[in-house]
Amino acid sequence: MIAPPPLVAVQDLVKHFAGERGWFGLGQPRAVVRAVDGVSFEIPPAQTLGLVGESGSGKTTTGRAILRLVEPDRGRVTVDGLDVLTLGPRELRALRRRMQIVFQDPYGSLNPRMTVRQMLAEPLAIHRIATGPDAERRIAALLEEVGLDPGFGRSYPHELSGGQRQRVGIARALSVEPQFLVLDEPVSALDVSVQAQVLNLLAELQQRRRLTYLFIAHDLAVVKHIADEVAVMYLGKIVERAPALALYAAPRHPYTTSLLSAVPVPDPTAQRNRIVLSGDVPSPMHPPPGCPFHPRCPHPKKNDRCRTEPPALRAVAPGQLAACHFAEEPL
Amino acid sequence: MNIWNWVALGGAAVAALLVVAVVRRRASASASGRRFFRHPTAAPGLFVLAFFVTVAVAAPLVAPYKPYQQIDIVHLQNRSPSTRNVLGTDPFSRDVWSRLAYGARISLGIGALAMLVAVTIGGAVGATAGYFRGWMDAALMRLVDVGLAMPRIFAMLVVVALWDHIAVPVLVLLIGLTGWFATSRLVRAEVLSLRERDFVAAARALGAGPGRVIGRHVLPNAAAPIIVSAALGIGNVMLLEAGLSFLGMGVPSPAPSWGNMIADGWPKIAVAPWSATFPGLAISLVVMALNAVGDALRDALDPRKEAV
């Protein structure tokens with residue numbers, strides 16, 4: 001069987017944030033933050049890639065750079081064969097109908113001065129999808145599709161609960177009928193019970209609309225049930241990428257192993273081997289030399305090579321990539 | 001002053017009271033509206049403003065004379081207040097009350113329009129600088145620094161000296177064009193923080209261009225501080241106009257502005273204090289009312305107090 005061509009392909013994406021320069025941009029630039037440092041992945045149509053990492057790992061910047069909400073410095077992004085990063089404003093605008101984003105913070109992502117109806121009508125007007133009664137019908141249908149009563153159209157964001165707001169955010173992203181959604185920690189700010197509802201909604205929508213997801217999360221538990229493939233990011237780099245089943249069953253990178261060991265198990269009698277990482281994520285302004293993970297790495301075989309030679313992301317099992325010198329001897 | 005003028009004046013007071021009552025009714029529906037009226041000076045301030053605006057609009061009804069009319073240049077100069085001339089007559093034998101009523105049009109109108117010019121320019125410049133940042137921000141903000149360092153009154157005196165007499169629309173533009181610097185800084189600061197919010201990113205992701213993002217998503221959320229600074233700024237503009245007019249460099253005589261009314265009455269302040277005092281009181285009253293309303297607005301609209 002030949003794998004379908006990927007809907008979304010990201011190659012060697014780089015985004016560095018330079019400190020602001022003083023004086024008309026003529027002064028010395030300050031230290032550079034390597035937020036995203038050579039990230040590559042592909043997502044086949046109607047599949048989900050889970051992108052997991054701690055705060056500061058560059059996962060959010062990756063998502064936003066793909067949509068050109070921040071302009072990446074280097075790399076290549078294609079969505080449905082179109083090269084996103086070289087498009088002019090007009091073509092980019094047209095492409096925005098195909099790719100959308102759902103944000104983490106359901107409070108900050110809705111304009112407090114607009115009603116739900118206005119928020120959903122705006123994209124329809126921008127892309128000349130529908131106006132007048134046709135737009136009203138579409139808005140009602142969108143609200144129903146995300147599980148909200150069409151009466152919510154008259155509400156302002158402050159009148160809604162967190163889960164309702166997130167549903168509005170999802171409806172807004174769906175309003176332009178995209179093929180590809182970046183879900184930037186869509187449930188992290190919600191109560192646990194609401195998390196499950198929203199995750200189920202996202203899974204349903206994916207089925208019905210054949211959506212392709214880049215699902216960004218900060219722990220592996222959330223993406224377990226929705227992701228087909230999982231990529232783990234650490235300090236701007238992907239350290240392991242594998243089909244979800246393989247990754248959860250046999251992680252090859254010590255960072256992935258420690259993240260997995262942090263996933264709570266709903267069984268108090270279960271034997272758990274928790275690996276607690278020491279220290280914090282190093283500052284992305286001054287990443288450690290060699291393997292970026294070496295200062296915190298619990299691997300027993302850690303040696304000088306780890307401190308000097310950055311490991312490449314390489315295939316260590318069928319479909320499984322890991323960036324560790326000792327990936328063949330996992331923890 | 002005939003009976004109809006008194007009726008009209010009473011009507012203006014009633015109308016102002018009605019305005020306050022209606023505004024209070026509608027405001028009580030929202031938390032910020034209730035905060036506004038919790039300010040002890042908010043309602044009186046609003047009343048004073050509504051009263052003078054009504055008088056300005058209804059000037060032909062409440063004023064017994066034309067503002068330029070010299071009633072009797074020989075016998076009726078510097079007359080003290082009486083039933084015929086409630087606020088007396090000025091050195092040119094014109095009815096002070098009539099000039100005060102018509103002068104409200106000019107003084108309030110200049111204040112409001114010049115502030116509108118200033119807020120429009122300041123809003124546009126501040127939004128542009130804050131939204132696009134980079135070299136545009138740097139260039140615009142250095143321009144603002146220069147503008148803020150410029151002594152405004154001297155700049156205006158230079159312009160007036162160049163053109164001798166200036167028309168009222170030019171005066172409005174002049175005050176507006178020299179008064180937007182502080183507003184633009186305020187707007188820029190608001191825009192800088194708002195542009196990082198996710199709903200702005202969402203709008204951009206949906207394909208909204210910079211104009212739509214600024215106009216529909218950024219500025220509406222920056223409206224509260226802009227409104228407050230405008231309300232507080234109108235008072236300053238009115239004082240500036242009064243000062244210029246008093247110096248003979250603002251609204252040209254014989255058109256009545258409260259500033260040049262003081263200038264006209266000034267030489268006879270010893271024998272006829274009313275012709276300079278009443279316009280002076282009117283200015284003070286309106287500026288105090290504007291400040292009271294502005295302060296209450298600030299408390300009411302302060303986003304830090306707004307429930308999320």
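Buried residues make up 42% of the 331 residues in chain A. Buried here takes 20 or more other C-beta atoms within 10 Å of a residue's own; 12 or fewer is exposed, in between is partly exposed, and C-beta atoms are placed from the backbone. This is a predicted model, in which local features need pLDDT of at least 70 and side-chain atom pairs count only at pLDDT 80 or more, while totals for chains, interfaces and linings use all residues. Residues are numbered from 1 along each chain as its sequence is written, and chains are lettered from A and ligands numbered from 1 in the order in which they are written.

Chain A, overall. The chain has ten helices and twelve strands. Those are DSSP runs, numbered from the N terminus: helices are H or I with at least four residues, strands are E with at least two. The C-alpha trace spans about 70 × 60 × 45 Å along its principal axes.

Now contacts in chain A. Among those with a separation of 6 or more, 65% join residues 24 or more positions apart. A contact means two C-beta atoms, placed from the backbone, within 7 Å.

Next, helix α3 of chain A, residues 116-126. Its buried residues are Val116(A), Met119(A), Leu120(A), Ala121(A), Glu122(A), Pro123(A) and Leu124(A). What covers them? The cover includes α4 (132-145) and α5 (162-174) of chain A. After α3(A) comes Arg128(A), with a positive phi near 50°.

One loop residue in chain A. Ala312(A) sits between α10 (304-308) and β11 (314-317). Buried or exposed? Ala312(A) is exposed, because 10 other C-beta atoms lie within 10 Å.

On to the interface. Chain A gives 24 residues to the contact, and chain B gives 16. On the chain B side, the elements giving two or more residues are α6 (134-149), α10 (198-205) and α11 (210-246). Which element gives the largest share of that side? That is α10(B), with six residues. By class, the chain B side has ten nonpolar, three polar and three charged residues. Nonpolar covers Ala, Val, Leu, Ile, Met, Phe, Trp, Tyr, Cys and Pro; Asp, Glu, Lys and Arg are charged; the others, Gly among them, are polar.

Two helix pairs in chain B. First pair: α5, residues 96-132, with α6(B). Their axes come within 7 Å and cross at roughly 145°. Axes are lines fitted to C-alpha atoms, for helices over the stretch in contact, with angles from 0 to 180 degrees between N-to-C directions. The crossing of α5(B) and α6(B) is left-handed: the near helix is turned anticlockwise from the far one by less than a right angle, where clockwise would be right-handed. From α5(B), the contact uses Val125(B), Thr128(B), Ala129(B), Gly130(B) and Phe132(B); from α6(B), Gly134(B), Met136(B), Asp137(B), Leu140(B) and Met141(B). That gives six nonpolar, three polar and one charged.

The loop between these two helices holds Arg133(B). Phi of Arg133(B) is positive, near 50°. With 15 C-beta neighbours inside 10 Å, Arg133(B) is partly exposed.

On the α12(B) side are Trp258(B), Met261(B), Ile262(B), Asp264(B) and Gly265(B); they meet Ser275(B), Ala276(B), Pro279(B), Gly280(B), Ala282(B) and Ile283(B) of α13(B). The classes here are seven nonpolar, three polar and one charged.

Last, backbone geometry in chain B. Most residues other than glycine have a negative phi, and most peptide bonds are trans. Ser93(B) has a positive phi, near 65°. Ser93(B) lies in the loop between α4 (59-62) and α5. With 18 C-beta neighbours inside 10 Å, Ser93(B) is partly exposed. The bond from Ser253(B) to Pro254(B) is cis, omega near 10°. Pro254(B) is in the loop between α11 and α12.
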